[in-house]
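This report walks through a model with the sequence and coordinates at hand.

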Amino acid sequence: MELAVISGKGGTGKSSVTAAFATLGEKLVVADCDVDAANLYLLFNPEHETEQVYIGGHKAVVDHTLCTVCGICESYCRFDAITEEEGKIVISETSCDGCFFCSRICPMDAITMVRSDKSRMYSGSFRNGMMVYGRLAPGEENSGKLVSMVRDEAKRVAAEKGMKTILIDGPPGIGCPVISTVTGVDRIVIVTEPTMSGLADLKRVHDVARKFTSEVGVIINKSDLNEAMADRIEGWCAAQGSTLLGRLPFDRRVTDAMVAGRSVVEMHPDAEISKAINKIWNNLMANGKEQVI
Amino acid sequence: MKIAVASGKGGTGKTFVATNLFNVLSMRGDNVTLVDCDAEAPDDLLFFTAERISESEVTHQVPVINKDACTWCSRCSNWCNYNAIFYVPTAKVIEVIENLCHGCGACSFACNSGAITEKPVVLGTVNIYRTGRGYPLVEARMRVNEMSPVRVIKAAIKEAGEDGMVVLDSPPGTSCPFIQTVDRADYVLLVTEPTPFGLSDLRQSVETLKTMNKQCGVIINRADIGDSGVKNYLSEEQIPLLGVINYDPAIARSYSEGRLITDKNDKMAGFFAGLADKIISEHGTGSN
């Protein structure tokens, strides 16, 4: 089973919850798909068994010895990536979308498309199973493709090691890397927080999630920061027909555990939050739809 | 001058800092505009009573293929780098997969038989509001189920113009949406938290900003929950630490209710005003 943890809003506690799920006992494969802010390896210190190069998107590069500054490329580029500055064609690496159009229409063949090979994907073992994660090199784009590559590797590793569960830590937002994360998964868990922003972002990411599976559950993290807001979110979930998987209290020990390189369930198995996480996980694994509070 | 408030890691307090910075500058009458560039999860508006001035759609051009005119030459599908043209000539199938199309226009140029025209597809909206204090808030809002917020972000920043102070509330992460936002900024204010996750993502942001030659300073939020890793890193890298905000349940509460702490709390208002002054005194108010 592939289970993805996402959030819409960043910083709601996705990775801390994922880390706790991953260390409850069952041996599993963890796939960190938040590739431009991958963090779980910090808690799991996986022993790298494989390292693969991820070839990112293309970027147009102009050869000034061939370029006649005719401006055709500039007039056709729809990403505002090409400008003429001081009699020279300049292609902005940040704006270039890698579409190849300019390189194809340049009458002088002065534009070539190059790819970056600085990003990496790693897989290896950690104390409770296997872990796969991607690290996008600074400034690299096209993270959706790296997400797909991480998920493919996680499936391969799961089959090889005979592990049944793949737990995916997803990126924030609702765009391309999130869609790559949830496409084809069996269950989606959304971690939110009891704030106005948390609810607004939950609504958007929930719309996306429901396109991919009806098995969408919501966890309200730090719910005691604003119980009234948590109640409102719970009501909203009920109206959508989505399961409220549980509420988790705000607990500084989650951060203390992170600083110590552990998950909260490893450091403080008897804490209220750990018990709640345990219960949520057991329900998820039992495929139960009952509400847990 | 454009200041981007960014973070790498989500949920460190970008929106908290951006909205309050904008709020104190508008309280004292500075010429300031707030742009919510987190088009996938736009939340800035929740913190203001504001009146909508305009709404404009951001579109891109997607091909429409007239099968009757198609000569099955395959040039369009060969030129498409996004696999957005599903092409099986033997079965006489040619279709545009709009979700994969980036609107680059290569296919319609490639077509020699005039079989491809284009139609606009809406990617999102740029909404302009005027806040209760009379200052503009520009919101980039990507449509749900679209893949990339980049065009919407670009359009929103353009809409904000070049006058006065422009505060850009950046999306999290360090890939395309973040890069598009900070690319337009004269200065980047990074908001982090003093945890191993916060540090790892801060590093990634700083490294990305280095490749872009952007100047940055850092605010540590919830500074008393975590360890000293971030502070050590900042001194090693000689990155200015501009401010430290300790965890305060009152701040968390006002944020959760969509209220601005600087409206009620003079100490916090002073903190943000001081922050703005520090950046302005060192980097001016002009654009690069």
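Helices and strands are here DSSP runs numbered from the N terminus, a helix having at least four residues and a strand at least two. With that in mind, Glu86(A) lies in the loop between strand E5 (82-85) and strand E6 (88-91) of chain A. The model is a predicted one.

**Chain B**

Chain B holds 10 helices and 11 strands, and its C-alpha trace spans about 70 × 40 × 35 Å along the principal axes. The chain is divided into domain 1, made of 2-31 + 166-283, and domain 2, made of 59-122; the centres of these two domains of chain B, taken over C-alpha atoms, are separated by 43 Å. Of the 288 residues in chain B, 52% are buried, and among the contacts in chain B with a separation of 6 or more, 75% are between residues 24 or more positions apart.

**The contact between the chains**

Chain A brings 50 residues to the contact and chain B brings 52 residues. On the side of chain A that touches chain B, helices H4 (101-105), H6 (176-182), H7 (196-212) and H9 (253-259) of chain A each supply at least two residues, with H7(A) giving the largest share, 8 residues. Sorted by class, that side of chain A has 22 nonpolar, 16 polar and 12 charged residues.

In soluble globular proteins, nonpolar side chains tend to be buried together. The largest nonpolar core has 73 residues, of which Val29(A), Val150(A), Ile190(A) and Ile277(A) touch the most other members; helix H5 (residues 143-161) of chain A contributes the most to this core, namely 7 residues. Ile277(A), leaving aside its neighbours within four places in sequence, is in contact with Val17(A), Ala20(A), Phe21(A), Leu248(A) and Val265(A). A second, separate core of 71 residues includes Leu21(B), Val126(B), Leu199(B) and Tyr255(B).

Most residues other than glycine have a negative phi.

Ser74(B) is found in the loop between strand E3 (50-65) and helix H2 (75-79) of chain B.

Definitions and conventions
Residues numbered from 1 in each chain as written. Chains lettered and ligands numbered in written order. Predicted model: local features only at pLDDT ≥ 70, side-chain atom pairs only at ≥ 80, totals over all residues. Domains from an automatic or database assignment. Contact = placed C-beta atoms within 7 Å. Nonpolar A, V, L, I, M, F, W, Y, C, P; charged D, E, K, R; others polar. Buried ≥ 20, exposed ≤ 12 C-beta atoms within 10 Å, placed from the backbone. Core = buried A, V, L, I, M, F, W, Y, C linked by C-beta atoms within 7 Å.
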